[in-house]
Every structure is written in C-alpha cells, then in structure tokens.
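Reader: I would like a close look at one part of this structure, the aromatic rings and how they pair. Please take it step by step, and then go on to the charges over rings and the strands.

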Amino acid sequence: MPLIGCSEPTGEGENGGTAGDGGTGGMPECQNPEDCDDRNECTEDVCDPSSGLCDNAPVQDGTLCAGKTSLGVPRGGCYGGLCNFRPVIVAVGDKEIVFNWSEDRCEDLDLPDGPARAVRAEEGEIVLFANNAPTYRVSRGPDFETLQHVCDPPALVSADLQAPESYENWEWIWVAYREGTSIHALVHNEFHDAVAPTCKVGDPSPANPCWYNSVTYAVSIDGARSFSKPGAPAHVVAPVPEVWTPPAVPQPHGFHSLIGYHAPSNIVRGPDDSYYALLLLTPSQYSPYTFLCLMRTETLNDPASWRAWDGTGFHLRMESPYVTGNPVPECTRLPVTTGTASLTYNTYLDRYMLVNNGGSPIAGYPVCGFYLWLSSDLIHWGYPQLIAPARMDGCNIPPQTPGVLETVNILYPSIIDHADSTINFERPGRTPYLYYTRFNDGGLDRDLVRVPLTFKLEE
C-alpha cells in the first residue's frame, strides 16, 4: 500500500512504500531514550548505547494510538509508523450557490446528482462535473468564480440500453482525471428493470425501479467537451458480481433492490505512481448494507487493468458474470461507514482524507452529517470526525440543530480546494471548499452549494 512519503514499488499486492515521519528520522545523538522523543506515538524511541544515536522505528502495525472516544472506541491505529487519526477542528464559512436549478438549468432533469469534481483542462480552463443522466452536462470557466453551465453540446448522453449485460444504461460521469491530453472518467452506470412486476409494485418513482449498478469508463480528448467509450464490453471497470435477477417478491421501494459496484470516489495518485479509487458495493439486492472497497491501476486508459483489494493485495479482477458464466468474487470491504465518498490527500493534515455522509456516535447519540476520515495507507482508517451536522434522507435531524448546514436534506459531499495547483485537485490544504447538493423540495429542485472550510489540528 502507498504509505505517505517516499516509496519503492515492489510487485502487485506488496508494500508500496515507507512512512514519511516514521523510521530513523535523521539519527540524532543521545544519552537516553528521552533524547530520542520524536513526538510520534507510532514509533519506538530508542537510544543505542553502543553508538549514542537515536532510532525511531515504527511500532507494530495495528498498535492503538490517539486514545479512545468517550464511548471507549479506539480513535486510531499505527500503520507504517503513522497514526491514522489526527484530531481536527473544522470551521465552516458562509454558503455560496454554484448552480441554481431555478435559474441555470437547461431542462428539468438538468440538476446536480453526484459529488462535484473538478479538473484543469489542457488550456487551463476549469471544468466542473456535478450533473445528471441521461444527458450529462458540465460547467467551465477560467476560475471557480466565473463557471458557466454548458447546455449544448452535452458531455455525455446515456446509451440507455435495456439489457443489463450491456453495462450501457443510464450513465453519470462520476470521476474525472486528466493525464496529458486525455480526461479519463469513471462512469456510474445504472440499469433499471422497467419490466419485472416485482420491481414496480409500490415504487414511488416508476422510472427508477430495481437498480443494477456498475462502474464503467469513458474518455475525452477535447477538454471534456465530449466523452466516448471503448466498444462494449471493453469499457467495463467494475461489473456487478452476479447476473441480474429480479427480486422474487414485490419491493416497497426501488432502493431496496440496489445491487453492485457504484459511486466511485476521486482518483488519487499514490507515491508508487499507481492510481487509486474507492467505490461502493451493495453485495445483494436483499442486503440493506453498503460497503466500501478500494481498487487501483497503473493504466487509466485500460478499464480492465483495475484490480480490487482482496485483503492481501490488489489481485482481484472484477469480471462480468455474463462472461464467466458464474458469480465472481467480491472485493474486500474496508472498515469505513459508507456513503458517497470524496477522496483526496490533504497536505495540511498529512494524510489521505475521505469525506462522506453518515452518522457516528457522538456524545452518546448518532449525529447525521458530513464526516472526514484519515488514513496513511488507504486501507486502515481512523475514527470519523464530524465536519458539520446535516439533514439527509432517512436521517432527518431537527432543522434547528446547532451548526446544521441546511434546514432541508443535502447529499453528495466533496472537497475541492480552489488554491490547489494540481491538475486534478487531488491535494487540498488547510482551507478547501466543501461542495454538496441541496434538495430544496425533495424532487428536481436541487442546487449545488459550497462552503469554505478551515482545518485546525488540535494540540
């Protein structure tokens, strides 16, 4: 795994590097262990009496660090000489509307329906992704203050095929990452069974009955003005592990029939020069739970090159059950409370940072809101820390809750630092923006909103 700091890539599934603030740390002179204190509880401070030099070797992986919560839950663990928890205080600034559905839409279905992502096109223009299927549009401009929503032409029009094995159904550009002149996209793909009677009964949205999700690939070579896909099935990144079978009994709501891989995070490049992304997995249409998985590739333009973490390495090839003829193994689940995820490497916190929506035991009761998680290796994550309370579908805290972001439901948190100089905005710092979608009326009327954040590490 790519630990923070220098790395020496070794083969597939092996350790990707060494920690940046673990290890020897310069070997200062010493007379006793106190002289060797590097203020890092994930290293063992030793004074070698024979040489009079310090050694700060990483402690055993999994050693607890950062103490426990008020409920007695460990807040972090040591991995590669780093604690995956750092206590953060988050200050939230004033709201700004980025996309106003009432004024900016090109048609009624033109609305924010996914986490906001941003890339710099080759000519330096900023392209913002946060739109809806089946006609997906982008916003663009010289900076974040002058973004213009582009009605025509759209960046991607869904194929909307009616066959689940095509993996070309309703398609959202969920992730974008520019490499050279190409902008690679991970596409969130949804097949909805509009025929099976068990998918229709009781569903409040007849256009979206049973969900059969997958992650596919598209690419743009014209600055995100248009995206194309390799010929099927070469465009598939993460197909559903089992063939589509309608539920045996009528479903009270389409979400109960959700299945497959979906909603990938940002792509981040690790110190081993591999590309990493998180993705959600709902393992069965009868399961109420969703899990988080990790995958990586060294070749963004090859959809079949992605491999999922299987618990020991990146060995799992995510194949289509329509090709193999049998259900295929699933990725290993990470110990993270799931939700639509934003993944970056935060330069101020010196850790990978995941931001998602959910609830966590705070002061003895669950708080719905947006949370941040920290990690040094993308596998082991510290205890979630609340950014701000938020009302969400199925988690409607009182609108008068102190610090609540909106009095209506919100979703799809993502982090974009306008001052980030990287092409793909993958390294935010201390003062990024939090973007999210605000559901004004519970239906189509949605706005894309951002608020400035300021992080401060607790002493």
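Author: The model is predicted, and in it the count comes to 13 aromatic pairs. As for where the two residues lie, Tyr 167 is in the loop between strand E13 (156-157) and strand E14 (170-179), while Tyr 322 belongs to helix H2 (residues 321-324). The pair therefore ties together parts that are 155 residues apart in sequence. Tyr 167 is buried, with a relative accessible area of 2%, whereas Tyr 322 is partly exposed, at 32%.

Another edge-to-face pair is made by Phe 191 and Tyr 212, with 6.4 Å from centre to centre and 90 degrees between the planes. Phe 191 lies in strand E15 (residues 182-193) and Tyr 212 in strand E16 (residues 210-220), so here the parts tied together are 21 residues apart in sequence. Both Phe 191 and Tyr 212 are buried. Ring pairs also bring in Trp 244, which forms a cluster with Phe 191 and Tyr 212.

The charged end of Arg 105 sits over the ring of Trp 101, at 3.9 Å from the ring centre. Likewise, the charged end of Arg 450 sits over the ring of Tyr 433, at 5.5 Å from its centre.

Tyr 433 leads on to the strands, as strand E29 covers residues 433-439. E29 runs antiparallel to strand E28, and five bridges join the two. Within that pairing, Ile 410 has Arg 438 of E29 as its bridge partner. Strand E28 (residues 410-416) is mostly covered, with six of its seven residues buried.

Elsewhere, four strands form an open sheet in the order E8-E9-E11-E12, and their pairing is antiparallel. Strand E8 (117-120) and strand E12 (148-149) stand at the edges; each has a single partner strand, so one side of each is left without a neighbour in the sheet. Strand E9 (residues 126-129) and strand E11 (residues 138-141) are joined by four bridges and run antiparallel. In this pairing Leu 128 stands opposite Ser 139 of E11.

Conventions: Residues are numbered from 1 along each chain as its sequence is written. This is a predicted model: local features need pLDDT of at least 70, side-chain atom pairs count only at pLDDT 80 or more; totals for chains, interfaces and linings use all residues. Side-chain values use heavy atoms; hydrogens and water are left out. Rings of Phe, Tyr and Trp (its six-membered ring) pair if their centres lie within 6.5 Å; planes under 30 degrees apart count as stacked, over 60 as edge-to-face and the rest as tilted. Buried means under 20% relative accessible area, exposed over 50%, partly exposed in between (1.4 Å probe, protein chains only). A charge sits over a ring if NZ of Lys or CZ of Arg is within 6 Å of the ring centre and within 35 degrees of the ring normal. Two strands pair if DSSP finds at least two bridges between them.
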